[in-house]
Amino acid sequence: MDVDLIQSLVIEEAEYFLCGSPPFLESIRAGLKDAGVPESQVFFELFTKASKTASDRPDAEVNGDNVKVAEIVFAQSNQTITWQADTESLLEFAEANGLNPPYSCRQGICGTCECKLLEGEVEYQTTPTATVEDGSVLICISKPKTAKVVLDL
Ligand code: FES
């Protein structure tokens, strides 16, 4: 199965349910988009390896260029919480602190976790493939880059 086969079978009113590896899904999603299928009609499930825990990684990778401690403000819920570098992503940090942001892929592909960034900067841990509006970020693959980050959550 490849993009050409999918495009030959595309019915624009249909909904598409895909599952597979991230590279496979990215290829098929791009093909459907090129064929005029709106992203809202494409659903998918990723087959990936379990993510590493922070203790599985060398410190240099965990810390990267990100700050080690940051003040994260969840503006809608009026919470300010200290973020530590051992947290996987801002999505996981939000969840660990009682918030329930929307998500799907947790890989930067679907765009479901897109959130307005009201202040500060984040750094992506992997390159997002979803389209992201200016002033918004994908919290599933980002960590704080500045000492203060304000999210519209
Ligand atoms: S949950 Fe899919 S891009 Fe973040």
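Analyst: Start with burial: a residue is buried under 20% relative accessible area, exposed over 50%, and partly exposed in between, using a 1.4 Å probe and protein chains only. Asp4 has a relative accessible area of 56%, so Asp4 is exposed.

User: What kind of model is this, and how are the residues numbered?

Analyst: This is a predicted model, in which local features need pLDDT of at least 70 and side-chain atom pairs count only at pLDDT 80 or more, while totals for chains, interfaces and linings use all residues. Residues are numbered from 1 along each chain as its sequence is written, and side-chain values use heavy atoms, with hydrogens and water left out.

User: How many helices and strands are there in the chain, and in which order do they run?

Analyst: Both are DSSP runs numbered from the N terminus: helices are H or I with at least four residues, strands are E with at least two. The chain has four helices and nine strands. From the N terminus the order is α-β-α-β-α-β-β-α-β-β-β-β-β. Asp4, for example, belongs to helix α1, residues 3-9. Between the C-alpha atoms of Asp4 and Ala35 there are 10.0 Å in space, and the two are 31 residues apart in sequence.

User: How do I read the chain as a whole: what share counts as buried, and what does the chain expose?

Analyst: Of the 153 residues, 39% count as buried. Accessible areas come from the Shrake-Rupley method with a 1.4 Å probe, and for residues only the protein chains shown count as cover. The chain exposes about 8,700 Å², with carbon and sulfur atoms supplying 49% of that area. Contact means heavy atoms within 4.5 Å. Among contacts with a separation of 6 or more, 55% come from residues 24 or more positions apart.

User: Which residues have the most contacts inside the largest nonpolar core?

Analyst: A nonpolar core is a set of buried Ala, Val, Leu, Ile, Met, Phe, Trp, Tyr and Cys residues joined through side-chain atoms within 4.5 Å. The largest one here has 24 residues, and Ile72, Phe74, Trp83, Leu90, Ile139, Leu151 and Leu153 have the most contacts inside it. Two or more residues each come from β3 (69-74), β4 (79-84), α4 (90-96), β5 (114-119), β7 (136-138) and β9 (148-151). The most come from α4, which gives four residues. Ile72, leaving aside neighbours within four places in sequence, is in contact with residues including Trp83, Leu90, Phe93, Val149 and Leu151. A second, separate core of 14 residues includes Leu18, Ile28, Leu32 and Cys105.

User: How many aromatic pairs does the structure hold, and why is Phe17 with Phe43 called stacked?

Analyst: A pair of aromatic rings is described by the distance of the centres and the angle of the planes. Rings of Phe, Tyr and Trp (its six-membered ring) pair if their centres lie within 6.5 Å; planes under 30 degrees apart are stacked, over 60 edge-to-face, and the rest tilted. The structure holds two such pairs. Phe17 and Phe43 have ring centres 5.0 Å apart and planes at 15°, so this pair is stacked. Phe17 is in strand β1 (residues 16-20) and Phe43 in strand β2 (residues 42-46), so the pair ties together parts 26 residues apart in sequence. Phe17 is exposed at 60% relative accessibility, and Phe43 is partly exposed at 34%.

User: What sits over the ring of Tyr103?

Analyst: A charge sits over a ring if NZ of Lys or CZ of Arg is within 6 Å of the ring centre and within 35 degrees of the ring normal. Here the charged end of Arg106 sits over the Tyr103 ring, 4.3 Å from its centre. Arg106 is in the loop between α4 and β5 and is partly exposed, at 27% relative accessibility. Its phi is near 60°, a positive value in a residue other than glycine.

User: Where is Pro101, and is it buried or exposed?

Analyst: Pro101 also lies in the loop between α4 and β5. At 5% relative accessibility, Pro101 is buried. Not counting residues up to four places away in sequence, Pro101 touches Leu91, Ala94, Glu95, Ile139 and Leu153.
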